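Good morning, and thank you for joining.

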Amino acid sequence: MSLKGKTLFITGASRGIGLAIGLRAARDGANICIAAKTAEPHPKNSLCAHTFRSTVLVNSTHRPTFPQLPGTIYTAAKEIDEAGGQALPVVCDVRKEEQVIAAIEQCVARFGGLDIVINNASAISLTNTRDTPLKIYDLMNQVNGRGTWLVSKHAIPHLIKSRNNPHILNISPPLSMREEWFKDHVAYTISKFNMSLCVLGTAGELRPHGVAVNALWPLSLVDTAAVVNMLGGKELASTGRTPDIMADAAHGILTKDSKTFTGNFLIDELFLREEGATDMDKYSATPGATTIGADFFIEKEIFDKVDRLREQAQKRGLPGNKARVARI
C-alpha cells in the first residue's frame, strides 16, 4: 500500500527520524506538514534545543548546555519537495496549545484534511534525579508526554473524519515497569513512558472510530545529529543505524489497516523482519559493521526474537544479516 495523497502531520520533523519518516512518505507522493520549532538553526546553549530527541546535557554545575543542531523546517521542506512530496513547514512548539491548534488548522486548510499524525518531537536528559534541574524535568514532560497528548487531542476530530486509513504513531518505547529502565534517568523514562501510555489509552479510545494508534521504537542507536552532537559524538553514532530503518518501519505500520492494526508497541527491526524484510545491514551507519549498539528500553526477549530471525535468514543464505545489535 502507498501513502500517495495522504496527509501527515509530523512533529519534530526538521531533522533525524522525523525527517526520515517524512522523506519516505514523500517518495510515495504524500503531503507532509513539518511541525517543529526550528525556523532558524539552533544557537548554542539555547533552552529551545529540544526538537526530536535533541539531547539536553547537564554539567556538574547543573547548567544545561546545548550544542548547535543543523536543520530547520524550511530545509526539511525543501528535501521533502525534492523527494516527491508536498511540504508545509509550520513553526510549532508542542508545549503551546495555541500553536498546536494553529499548525493543525493550517495543515487541514492546505491539504483538505488530516490522515496521519507522527508524535516524534521529544526532549532527553540522561541524568539522575539529583542532577536533573526542575526546568529540565518540566521540559521533558511538557514536550514528551504532554505534547504528544496535546497534538493527538486536537488532531483526533480530523482523524475521525478521515476515510483514508487514519493513524497515530508515537515514537516511544514499549511499556515496562522494570527498575533498570528508571534507575539512571527517572525523569526521562517517566516522560517517554507517558508517550507510550497515550498509545495504550488512545488506541482503545479510537478503536471504535477506526483510527489506529501504535508506538514504534528503535532496537539500535540511530545515527542522528542529536546523538553526534550530544550523546557520544560521531564515534557512538557510527555504531548505530541510519534513520531510514525507522522510516521504513513507520511506512509499513502506516500502510496497515487502521481498523485492525492498533494498540501495538513495535520495535523497528523486529517489525520489519516479521513483515518479510531480511537485509538489515543496509541500515548500518558504518558499512560492513558486524556489531550495532542497542537503544534503551529493549527487553531480552526482543533481542532473542531478532537473533532467531537473523539466524534463520543467515541459514537461508540471504544477504544483509552480518550485523547484530548488541544488548546493553
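I begin with a definition: a residue is buried when its relative accessible area is under 20%, exposed when over 50%, and partly exposed in between, using a 1.4 Å probe and protein chains only. Of the 328 residues of this protein, 57% count as buried.

The model is a predicted one, in which local features need pLDDT of at least 70 and side-chain atom pairs count only at pLDDT 80 or more, while totals for chains, interfaces and linings use all residues. Residues are numbered from 1 along each chain as its sequence is written, and side-chain values use heavy atoms, with hydrogens and water left out.

The secondary structure comprises ten helices and 13 strands; these are DSSP runs numbered from the N terminus, with helices being H or I of at least four residues and strands E of at least two. With contact meaning heavy atoms within 4.5 Å, 76% of the contacts between residues at least 6 apart in sequence join residues at least 24 apart.

I turn now to H185. This residue sits in the loop between β9 (167–171) and α5 (186–206). Is H185 buried or exposed? H185 is buried, because its relative accessibility is 7%. Its side chain makes a polar contact of 3.0 Å with the side chain of T189; such a contact is a pair of N or O atoms within 3.5 Å, where within protein one must be able to donate a hydrogen and the other to accept it, and residues adjacent in sequence count only if both atoms are side-chain atoms. Leaving aside residues up to four places away in sequence, H185 touches S125, L126, T127, F296 and F297.

Most residues other than glycine have a negative phi. F297, although not a glycine, has a positive phi of about 70°. N165 also has a positive phi, near 60°. N165 lies in the loop between α4 (134–161) and β9, and N165 is buried, because its relative accessible area is 14%.

Finally, K282. Its position is in the loop between α9 (268–274) and β12 (291–293). K282 counts as exposed because its relative accessible area is 53%. What separation do the C-alpha atoms of K282 and G320 have? They are separated by 6.7 Å, with the two residues 38 apart along the chain.
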